[in-house]
Amino acid sequence: MSDRRIFVDYIARTEGDGAIDIVIGPNGEIKKARWEVWEPPRFFEAFLVGRKYDEIPEMVQRICGICPHGHHLAAVRAVERAMGVKVSRQTTLLRELLHYGDWIQSHTLHVYCLAAPDYLGYESVLAMAGNEELLPVVKQALSLKRLGNDMSVLIQGNEIQNRTSVVGGFTAVPSGSELRKIKERLKEAKDFAVATVRLGAKVASQDPYPQLVRKCEHVSLREEGKYPINGGRLVSTEGLNVPDWEYPEWLIEKHVPGCNCKHAIVKGRDSFLVGPLARVNNNFDLLSKDAQAIAKEVGFTVPDFNPFHSIIARGIELVHAIDTAMELIDELGDPVYEEPKYEIKAGEGYAVTEAARGICCHGGRIDKDGVCQKWDIVAPTSRNVYNLEKDFEYFVPKLLNLSDEELTLKCEMMIRNYDPCQSCATHSIKVNLRREA
Amino acid sequence: MAKPKIAFFKFSSCAGCQLNVLNLEPILLDIVGAVDIRYFVMAKRENFEGPYDIGFVEGAVTSPRELMELKKIREECSILVAQGACACHGGIPSVKNFSGMTQKEMEQRVYTELWDLKSFPAQAIDYYVKVDAYLKGCPMDKDEFVTLVTSALKGINPLFRYHSVCNECKLKENNCLVLTKGKACMGSVTAAGCGAQCPSLGRPCEGCRGPASDCNAASLAKTFIDLGLSRDDVVRKFRKYAGNTPEFSKGAEAV
């Protein structure tokens, strides 16, 4: 009698290093289901102590090259809360537009380059480009991804690491005419975003994905009157509803041996899911009109507890991001440079943003000289690790008739559903499957 | 000539430099067509063992496992490229080297179960192995990446600039942030190639590309004191993206 073991060493098409290790006993019972993130620890929370308040947003965006905006904006807001800094309406709008640009880039990257190859039977998007029928789709996807990047370049001076956004505002602002050029491109891109929802719904309706439903708590932000991106209250499908700065009290973490990341639970309850599916579930009524319409057209209803539907949720958010970005550009008009002004004060502050892959939490204490005394960081992927292991435990027994090769791919897809960034979680992916015969 | 075999590896870092390869959207398919990508876990499921013609390494070395892998990668790659600030100079992960805490104190601050952690001071990859080319910056500059790949295809040395960011600021006719606004800009000691991205947007250079050739960091450190920075402020400036380098160490030790 031997175990059947699924082991993937280095999970492809995710960011960072991780592994999957699953052991299945002779009667199909799951003996072990672990997602091991071995991204090496970098000790941000330790070395930020003793650094200046304005270096915190600059440094924490370097935690993750895939969602730097989420980290940066959460940290900027936490520092501003700690020091009592108020920012202008223009700054708030520009920060939202900047973050929506990141969502467009990140969601397009995930849907077409990281997830779609699994559903369409290719090893990568580069291989997809080799198919003449798919080549135009790949080219359109790359051009939408570029548009998201161009929004970042225009507002922050670089695709990835922010050059202009600082505590109190921006060191430079884009001109109205440049913003309006972006708006024209967003308008042209909208049809492709709508087609993305249809594609997601089509591929996720193939067997066995519709059967893979598992109810768990979905946590996201929710803001009055607008879809959450840079702030709001923490809410969940199980009734959590608290101010975002209370996150350390409600979302609890513990360190797990053998894994360089921490496991997260909601206080008094169980593991939870963060990301686009949770956001759409908790905020469907706040999506743009067209985003709601296309969701209804493809039969997407909330709450949806099928993690393989996250590809649909990303498409829906792409449509919403394009609509909202155009509105933000209208409201911004012709931005004028405003010098960031504030006084350095001692204080404590916490803030949460919705990074493309889920809630990103930052906060800590700053002394009267503006030096950081303590900093707490919880990245979205570390919230999801524990929940993903529960997905394995629940879904793998339903898929035991598959060959090892197919089962391994399905396990990898369960990870890619979360669009993990393992640098964030301080880890990586690798699948290792072992069955007891 | 056969297409060069290319590989991408990642150590302690944010993956932003690898993402910046995928951020070449308008020419991505052309670049991919001109080379043979044999190993790129972030983008592909099918990856192959070496040897490779060019290996790009992102990230600093902070663990025994990374060090072992780096040595193997060096043997497998004809040309080894350090990609981005972490691989070139230690980058943000190297800030921990100067935190004033011991490794154990840092571990205790972040984790509760310490027995499984294996981490040591963050170093650039050339601390351990020979490196053939450097793509500096945080993140690496995409255009320099393209220059490097096209140079390799032509069999020539890429032309990279090692003068300071100040030169690029002057070419852009920017007002100097130090002279006109009294801001603590690192541009005069930092290697050019970014097109003076930050100062052009009103943000002082933070030195993410590491030292320019023949830079005088000690003199700049004294200028910072004259501008009103505290001694700790100056040390923080020089111990950020390239604090490990002898050049920036001179700045940190001059005050």
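Of the 437 residues in chain A, buried ones make up 70%; buried here means under 20% relative accessible area, exposed over 50%, and partly exposed in between, with a 1.4 Å probe and protein chains only. This is a predicted model, where local features need pLDDT of at least 70 and side-chain atom pairs count only at pLDDT 80 or more, while totals for chains, interfaces and linings use all residues. Side-chain values use heavy atoms, with hydrogens and water left out, residues are numbered from 1 along each chain as its sequence is written, and chains are lettered from A and ligands numbered from 1 in the order in which they are written.

Along the principal axes, its C-alpha atoms fill a box of roughly 70 × 50 × 35 Å.

Chain A has 14 helices and 15 strands, taken as DSSP runs (H or I, at least four residues, for helices; E, at least two, for strands) numbered from the N terminus. Four of the chain A strands make an open, mixed sheet, ordered E8-E7-E6-E11. Strand E8 (241–243) and strand E11 (272–273) of chain A are at the edges with a single partner strand each, so one side of each lacks a neighbour in the sheet. E6 (residues 217–222) and E7 (residues 233–236) of chain A pair antiparallel over 4 bridges, where pairing takes at least two DSSP bridges. Ser220(A) has Val235(A) in E7(A) as its bridge partner.

Now for the rings. The whole structure has 20 aromatic pairs over all chains: ring centres of Phe, Tyr and Trp (its six-membered ring) within 6.5 Å, called stacked under 30 degrees between planes, edge-to-face over 60 and tilted for the rest. Phe56(B) and Phe145(B) are a tilted pair, 5.1 Å centre to centre with 55° between the planes. They sit 89 residues apart, Phe56(B) in strand E3 and Phe145(B) in helix H6 of chain B. Phe56(B) is buried because its relative accessibility is 0%, and Phe145(B) is buried at 2%.

Two charges also sit over rings, with NZ of Lys or CZ of Arg within 6 Å of the ring centre and within 35 degrees of the ring normal.

| Charged residue | Ring | Distance to ring centre |
|---|---|---|
| Lys267(A) | Trp250(A) | 5.1 Å |
| Arg279(A) | Trp103(A) | 4.2 Å |
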